There are 2 protein chains.
Amino acid sequence: MQTDVALSRVRELILDGTYPPGARLTEMEVAATLEMSRTPVREALRALAADGLVRPSGRGVVVASLERGDLEEAYQVRAALEALTAELAATRQREGRIAPADLAALRDVATETATATAEGRFAEAVRLNRRFHRLIAELAANSMALHALERIWDQIQVSTLRSLAPPSRPAHVSGQHEELVAAIVLGQADEAARVARAHVLDTRTTTSQEERA
Amino acid sequence: MQTDVALSRVRELILDGTYPPGARLTEMEVAATLEMSRTPVREALRALAADGLVRPSGRGVVVASLERGDLEEAYQVRAALEALTAELAATRQREGRIAPADLAALRDVATETATATAEGRFAEAVRLNRRFHRLIAELAANSMALHALERIWDQIQVSTLRSLAPPSRPAHVSGQHEELVAAIVLGQADEAARVARAHVLDTRTTTSQEERA
DNA sequence: ATTGCATGCATTGCATGCAATGCATGCAAC
DNA sequence: GTTGCATGCATTGCATGCAATGCATGCAAT
């Protein structure tokens with residue numbers, strides 16, 4: 001239905017930076033752009049507000065961005081949830097509930113991410129990095145955690161779009177990804193949780209300190 | 001505005017069991033009940049769907065309830081988040097960023113909860129228990145975590161309404177609350193996280209196994 | 001008796017009109 | 001020059017009409 005069209009289109013436009021943080025969106029504008037009436041647009045904007053991607057601001061809504069403090073909060077929650085999903089994924093692996101092909105896919109994405117980063121294809125590296133983390137969350141088989149993480153990833157992505165910079169220590173990040181994969185493959189739940197949490201908090205520090213030239 | 005009225009009224013009706021899990025709600029019914037038009041009701045129902053309290057079901061929506069598996073997932077996420085908030089609260093206490101009155105309030109609620117449980121006032125005990133956990137989340141000063149937890153608590157509440165039974169080991173639960181308070185007061189972050197997680201997972205087991213007579 | 005189909009109806013999704021609201025802009029007064 | 005106010009306008013919130021949709025119900029046919 002139209003509402004879903006509006007929702008996904010506008011979400012994409014926000015996530016790819018076409019509507020940057022602070023940009024003001026009005027029902028009428030968006031309705032005109034998408035060539036539909038205000039009603040479905042209105043519902044889509046409300047849904048985006050519930051997801052934290054926009055916030056009401058006087059008349060209309062503006063694309064939300066997490067300020068320093070909020071970003072820190074987001075990373076803490078993300079770290080806790082990714083520790084959980086890593087732990088659950090490792091546990092499921094230990095119980096033999098994870099298909100070998102899924103583990104292979106995880107390894108592949110980790111490798112591709114490292115390659116893309118090393119070759120300077122940062123936009124793609126960002127996509128692959130997210131896919132890597134999402135794959136783990138999917139292996140955890142906890143839809144609630146996955147859903148919560150998708151929301152947080154979206155918010156963080158919007159807020160750090162402008163700083164699309166190379167990680168300060170690419171080898172370090174890739175190494176952490178490998179450690180994480182190894183812990184999951186070996187079914188070491190506690191270790192996976194520990195590494196996942198440390199990794200997220202580690203990227204937090206670098207991301208929030210970097211600024212694009 | 002009307003949408004917010006509809007949202008809070010319907011949410012309350014769901015949370016107090018007036019609309020039990022499985023109950024079907026249509027825009028027109030609710031609009032008639034609340035004496036407003038369909039538009040704000042429609043938006044409220046969509047918001048509730050985003051919160052996971054209702055889900056679309058053919059025409060209209062039905063009050064959602066978590067099945068065994070989903071409930072398990074919810075408790076895992078809740079445990080991870082409450083471990084985080086307990087840890088953050090303890091850390092803030094260690095840094096002297098928590099007012100003594102807030103700690104006193106936390107102690108009081110823990111005591112009241114234990115008393116209400118011991119005296120068989122279970123409905124009130126449930127309310128106090130939630131307040132206890134929310135107070136900790138507020139002390140953590142992480143609005144994202146608090147918000148996520150509110151959503152999960154709501155969903156769990158709806159799904160366990162019918163089993164409004166005394167905890168199987170009231171003294172045990174009260175003891176865990178005291179341990180948790182102690183760890184926070186002493187600023188022992190790791191211990192607080194450990195106790196919080198164990199406590200949530202402990203109540204999970206009992207709650208999902210109990211059935212009201 | 002059971003299955004398939006047609007018809008009616010409940011209900012939603014979307015569009016649009018109208019009234020309310022609050023913000024911006026400009027003018028006047030101090 | 002600055003501050004306060006009034007007025008106009010952009011924009012939203014809500015109501016309602018209309019068309020589309022899909023489900024239920026009943027009837028007929030095998």
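Reader: In this predicted model, which residues come nearest to DNA strand D?

Author: The model is a predicted one. Around DNA strand D there are 15 residues, drawn from chains that include A and B. Those that come nearest are Thr26(A), Gly60(A), Met1(B), Gln2(B) and Ser37(B).

Reader: Which element gives the largest share of the surface near DNA strand D?

Author: Two or more residues each are given to this surface by helix H2 (27-34) of chain A and by helix H1 (2-15) and helix H3 (38-50) of chain B. By class, the surface has four nonpolar, seven polar and four charged residues. The largest share, three residues, comes from H3(B).

Reader: Which element gives the largest share of the side of chain A that touches chain B?

Author: Contacts between the two chains involve 17 residues of chain A and 17 residues of chain B. On the side of chain A, the elements giving two or more residues are helix H3 (38-50), helix H4 (68-94) and helix H7 (143-159). The largest share, eight residues, belongs to H4(A).

Reader: How many nonpolar, polar and charged residues has the side of chain A that touches chain B?

Author: This is the side on which 17 residues of chain A are in contact with chain B. Its composition by class is 11 nonpolar, three polar and three charged residues.

Reader: Which residues touch the most other members of the largest nonpolar core?

Author: In soluble globular proteins, nonpolar side chains tend to be buried together. Here the largest nonpolar core has 81 residues. One of its members, Ala192(A), is in contact with Ala86(A), Glu87(A), Ala89(A), Ala90(A), Leu180(A), Ala183(A) and Ile184(A), leaving aside neighbours within four places in sequence. The residues touching the most other members are Ala80(A), Ala86(A), Ala192(A), Ala80(B), Ala86(B) and Ala192(B).

Reader: Which strands of chain A stand at the edges of the sheet?

Author: The sheet is open, with three antiparallel strands in the order E1-E3-E2. E1(A) pairs with strand E3 (residues 61-63) over two bridges, and Leu25(A) stands opposite Val61(A) in E3(A). Two strands have a single partner each, so one side of each is left without a neighbour in the sheet: strand E1 (24-25) and strand E2 (54-56).

Reader: What is the radius of gyration of chain A?

Author: Chain A comprises nine helices and three strands. For its 213 residues the globule rule gives 17 Å, and the computed value is close to this, so chain A is as compact as a globular protein of that length. The radius of gyration is 18 Å.

Key
Residues numbered from 1 in each chain as written. Chains lettered and ligands numbered in written order. Predicted model: local features only at pLDDT ≥ 70, side-chain atom pairs only at ≥ 80, totals over all residues. Near = placed C-beta within 6 Å. Helix = DSSP H or I, 4+ residues; strand = E, 2+ residues; numbered from the N terminus. Nonpolar A, V, L, I, M, F, W, Y, C, P; charged D, E, K, R; others polar. Core = buried A, V, L, I, M, F, W, Y, C linked by C-beta atoms within 7 Å. Buried ≥ 20, exposed ≤ 12 C-beta atoms within 10 Å, placed from the backbone. Contact = placed C-beta atoms within 7 Å. Pairing = 2+ DSSP bridges. Rg over C-alpha atoms; globule rule 2.2 N^0.38 Å.
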